Amino acid sequence: MTTAPILTARGLAKEFRGFRAVDGVDLDVAEGKVHALVGPNGAGKTTLFNLLTGFLKPTTGRITVGGRDLTGKNPEQVARHGVARSFQITSLFPQMSARGHLELALASPTPLGWRFWRSDRLLARYRDRALELLDQVGLADHAEMPAGNLAYGRKRALELALALALDPKVLLLDEPTAGMGLEDVDRTVRLIQQVREGRTVVLVEHNMKVVSSLADQVTVLQHGQVLVEGPYAEIRHDPRVISAYLGDADVAH
Amino acid sequence: MILRLLAGSARGRLLLAIGLFLALALPWMIYPPIAMDIACWALFAVSVDLLLGFTGLLSFGHAAFWGSSAYVSGLLAVHVGLPFPVAVLGGALFAAVIAVPIGYLAVRLSGIYFAMVTLAFAQMIYFIANQWRDVTGGENGLQGIPREMFGVDLSDSFVFYYVGLPIVLLGLLLAWRIVRSPFGRVLVSIRDNPSRARALGYPVDRYRLLSFVLSAFLAGLAGGLFAISHGFASLQEVYWTTSGNAVMMVVLGGIGTLWGGVIGAALVVQLNDYLSTSEFDGIGIVTGSIFIVIVLVFRKGIWGTARDLLAPRLKRKRPGGAKSPGDDPAPAPAPDVNAPA
């Protein structure tokens with residue numbers, strides 16, 4: 001890694017009533033790379049993700065994005081500092097159209113949301129950009145459909161478009177292919193490959209095929225700590241990684 | 001849907017015309033002071049719906065704003081001699097100002113906790129109104145509030161209705177504007193999914209606070225006008241049952257429908273008036289039973305159910321068209337306390 005890290009974590013820890021879900025994690029995400037966080041269930045991936053996006057406050061440790069300290073900031077402040085996230089469980093506004101979602105996301109850096117005395121038709125000024133983003137994720141034909149009526153794969157695509165609408169420096173994707181059929185997984189991988197251009201992506205993912213085809217760098221977590229870090233080709237044969245996964249499989253089945 | 005219609009379609013203009021006609025004809029159909037009561041309660045209920053139906057927060061302490069504005073409007077009219085619309089505006093601004101600290105502390109919570117905190121603050125206001133006799137008159141209430149404007153005597157209830165009605169209509173217009181604004185769009189998204197709204201960069205608590213303050217302002221307009229209309233402000237105005245009444249009107253009319261509150265108010269005020277003149281002293285049992293039946297039979301309230309019956313015909317006009325936020329009375333997390341899901 002020669003490029004400077006855009007997102008760093010130092011000694012990041014989160015304790016829930018004595019249980020350390022994330023336990024002293026150091027992380028450097030290089031600018032312009034796709035960085036995957038993997039690990040067995042309960043390794044602390046989602047907790048780490050929530051710490052990085054401000055949804056949880058760390059017990060100790062520091063987070064910086066682009067050199068700016070974001071430790072302890074609210075989710076909305078983190079979002080404004082250029083870190084956009086998607087959710088593991090699809091998280092949308094069921095009655096709002098796909099286009100409505102994107103208009104809202106595009107309006108968020110502006111003070112338009114406070115204008116309670118103006119007509120909501122003003123949001124139509126983001127219409128063109130919203131349709132462009134929908135087209136990018138293959139939802140151009142579903143712009144007017146309420147999000148609640150979209151098929152699962154399309155909801156995930158809308159999630160991605162929402163994150164992109166914030167034009168983030170760092171895009172954090174929480175299991176973007178969770179619960180998808182093979183066809184949707186391939187489509188999503190192609191989509192992420194397409195949108196990663198010029199962006200930094202941090203990705204929590206279970207599907208090793210997805211990780212191998214997307215990630216430049218992989219961090220393997222276990223028991224809230226970093227087990228191994230390196231390019232996918234290196235870590236896949238690491239005996240510690242194999243035993244971590246097999247050990248988990250034994251517990252799960 | 002109705003809101004969209006009001007924005008310009010023929011059916012919307014028709015409904016608006018019917019509504020305005022009814023508002024203007026009301027004192028001919030029923031006893032004028034009751035007509036004024038309906039108008040005030042309608043605005044109060046709409047202010048509660050702005051929070052409950054469009055922000056997802058159940059306030060159980062809105063009597064604090066209705067009642068404190070009633071006292072402040074009355075005091076301004078009695079001691080300063082302000083024309084009544086100015087006194088009412090002063091009362092509403094006072095309600096909005098006290099809503100800032102109350103809301104600041106309450107919006108961090110949601111569901112039943114939000115309801116309890118707002119109730120607790122309303123009880124504090126009640127306590128102050130009860131204890132501060134020199135100003136509020138204590139249990140006797142604040143009496144002798146003049147009903148005049150620039151020296152013109154408005155003691156005739158029929159005349160006063162038409163002078164007071166514009167305040168209510170302006171309040172309703174403001175509520176409608178808020179719901180159909182970019183701000184209203186953000187509120188509905190916060191109601192449906194606060195985490196997602198946060199992840200998009202919207203400071204959820206501050207949006208909730210502004211909604212709370214605007215709602216308190218509207219409740220204050222209604223309460224101030226109510227006090228002027230009656231010529232006195234009593235402890236009843238800050239009592240918790242007043243908050244409960246407003247919530248009941250919203251649930252009856254339909255949560256998240258805005259105009260449902262108007263229907264709920266008309267129904268409850270009329271019913272209370274009818275029952276109180278009928279020498280029957282179990283009013284609570286009758287209104288309670290009607291409340292239960294309506295909630296069980298029409299889960300979306302009267303207006304919400306009527307709108308759903310109209311909806312299929314309208315949907316055909318816009319095939320594949322998305323419903324806009326705020327068009328559907330989706331029950332927010334908070335109202336589950338009242339309405340069975």
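Visitor: Why is the pair Asp120(A) and Arg180(B) said to form a salt bridge?

Guide: The closest N and O atoms of Asp120(A) and Arg180(B) are 4.0 Å apart. A salt bridge requires a side-chain nitrogen of Lys or Arg within 4 Å of a carboxyl oxygen of Asp or Glu, so this pair meets the definition. This is a predicted model, in which local features need pLDDT of at least 70, side-chain atom pairs count only at pLDDT 80 or more, and totals for chains, interfaces and linings use all residues. Residues are numbered from 1 along each chain as its sequence is written, chains are lettered from A and ligands numbered from 1 in the order in which they are written, and side-chain values use heavy atoms, with hydrogens and water left out.

Visitor: How many salt bridges are there between chain B and chain A, and which helices of chain B supply at least two residues each to the side that touches chain A?

Guide: The count is five salt bridges. The helices (DSSP runs of H or I, at least four residues) are α8 (157–179), α9 (182–192), α10 (194–199) and α11 (204–230) of chain B. The largest share, seven residues, comes from α9(B).

Visitor: How do you know how much area chain B and chain A bury between them?

Guide: Buried area is the accessible area (1.4 Å probe) that two parts lose on being put together, summed over both; here that comes to about 3,200 Å², 62% of it on carbon and sulfur atoms. Arg185(B), Arg196(B) and Leu200(B) supply 23% of the area that chain B buries against chain A, more than any other three residues. By contact (heavy atoms within 4.5 Å), 35 residues of chain B meet 38 residues of chain A.

Visitor: What makes β2 and β5 of chain A edge strands?

Guide: The open sheet has four strands (DSSP runs of E, at least two residues) in the order β2-β1-β4-β5, with antiparallel pairing. β2 (19–30) and β5 (68–69) of chain A each have a single partner strand, so one side of each lacks a neighbour in the sheet. Pairing needs at least two DSSP bridges between strands; β1 (residues 5–16) and β2 of chain A are joined by nine, so they qualify as a pair.

Visitor: Which helix of chain A has the lowest mean pLDDT?

Guide: On pLDDT (the predictor's confidence in each residue, from 0 to 100), helix α9 (residues 239–252) of chain A has the lowest mean, 63, among the elements of chain A. Over residues 249–253 of chain A the pLDDT is below 50. Where pLDDT is low, the predicted coordinates should not be read in detail.
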